[in-house]
Amino acid sequence: MPFAVAVLESTAPNFPPALRVSDKAALFPRVWAIGNMAILEKQLLGFFCSIKCPGEIILQTYDLARALRDANVSIISGFHSPMEKECLTFLLRGSQPIVVCPARSLERMRVPSEWRAPLAEGRLLILSPFTEKTRRATTGLAQKRNEFVAALAEKVFVAHAAPESKTEQFCCELLRQGKPLLTLENDQNANLLTLGARPVRLENVSEQWAVNSSASIC
């Protein structure tokens, strides 16, 4: 049975609070949703990982996903890159709220079978700012989706961004906007740490991600 898609205008009382209180409402005046909208009332940690990253970063990211799950941290992401998809598998085994933001419309989207139980339990929300005409993900839509995820997130975690990459540019823009940025403490992430990202350690994850990020030098 297909899941019902709710359409929310910026004037709706249950429109995402993070968009209503910022200038992002002009960029995302309407959202489509499947699942529990009350999840958006929680503080969300944005989760990103580039397609390619060093092996040691991959291992650390696996460990971090488990730690976030065990700490019951609410996560929002596109869950599109291979590493993000793997982490979603770990997170779905927990009990914390999750928000998935596809880079396409929700109309006629096939909901994966492993998402159905979390949706029924009220701990999963599928959210999109794209109209029914955008049924295929593109690079441009993915970029806008990432901006959407960051706008909804209280803070953003990026596992890795190669120097001078689009992901690094995205991180620098987030820091310019004053969005707290977190990354793994690793020499391979020296560029992000230099820009102003705050290092995350696996110990006491729930306390660490709530700490304000250091200032940006972008």
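The model is predicted, so local features are reported at a pLDDT of at least 70 and side-chain atom pairs at pLDDT 80 or more, while totals for chains, interfaces and linings use all residues. Residues are numbered from 1 along each chain as its sequence is written, and side-chain values rest on heavy atoms, with hydrogens and water left out.

**Stop 1: strand β6**

Select residues 124–128, which form strand β6. Helices (H or I, at least four residues) and strands (E, at least two) are DSSP runs numbered from the N terminus. Because 5 of the 5 residues of β6 are buried, the strand is largely enclosed by the rest of the structure. Buried means under 20% relative accessible area, exposed means over 50%, and partly exposed lies in between, with a 1.4 Å probe and protein chains only. L124, I126 and S128 point one way from β6, and L125 and L127 point the other way.

Strand β2 (residues 30–35) is antiparallel to β6, with 4 bridges, and G35 stands opposite L125. Strand β5 (residues 98–100) runs parallel to β6 and is joined to it by 3 bridges; here I98 stands opposite L124. Between β5 and β6 the chain passes through helix α4 (residues 113–121), in a right-handed β-α-β crossover. Right-handed means that, with the strands pointing away from the viewer, the path from the first strand over the helix to the second runs clockwise.

**Stop 2: the nonpolar cores**

Select V99 and L127 next: they have the most contacts inside the largest nonpolar core, which has 34 residues. Such a core is a set of buried Ala, Val, Leu, Ile, Met, Phe, Trp, Tyr and Cys residues joined through side-chain atoms within 4.5 Å. Elements that each supply at least two residues of this core include β2, β6, α5 (139–152) and β7 (155–158). Another core, of 33 residues, lies apart from it and has C53, L91, V100 and V200 among its members.

Around V99, show its contacts (heavy atoms within 4.5 Å). Beyond residues up to four places away in sequence, V99 touches I39, L40, L44, I75, I76, S77, F79, L125 and L127.

**Stop 3**

Select helix α6 (166–176). Its buried residues are E168, F170, C171, C172, L174 and L175. These pack against β3 (45–48), α5, β7, β8 (181–184) and α7. After α6 comes G178, with a positive phi near 85°.

Which residues lie nearest the centre of the largest pocket? They are F48, A142, Q143, N146 and F170, out of 45 lining residues. The space in this pocket is about 1100 Å³. On a 1 Å grid over the protein atoms alone, a pocket is an open set of points where a 1.4 Å probe fits, with protein on both sides within 12 Å along at least five of seven lines; lining residues have an atom within 4 Å of a point. Grid points are joined across faces, edges and corners, and the volume is the space filled by probe spheres set on the points. Helix α5 gives the most to the lining, with 9 residues.

**Stop 4**

Select R69 in helix α2 (residues 55–70). R69 counts as buried because its relative accessibility is 19%. Leaving out residues up to four places away in sequence, R69 touches F90, L91, R93, G94 and Q96. R69 and Q96 are 27 residues apart along the chain, and their C-alpha atoms are separated by 6.6 Å.

Move to L92 in helix α3 (residues 82–92), which is buried at 14% relative accessibility. Again leaving out residues up to four places away in sequence, L92 touches I98, E114, W115, P118 and R123.

**Stop 5: two positive phi angles**

Most residues other than glycine have a negative phi. Select N72, in the loop between α2 and β4 (75–77): its phi is positive, about 60°, although it is not a glycine. Is N72 buried or partly exposed? At 42% relative accessibility, N72 counts as partly exposed.

Finish at E164, in the loop between β7 and α6. Phi of E164 is also positive, near 65°, and E164 is exposed, with a relative accessible area of 71%.

Methods
Pairing = 2+ DSSP bridges.
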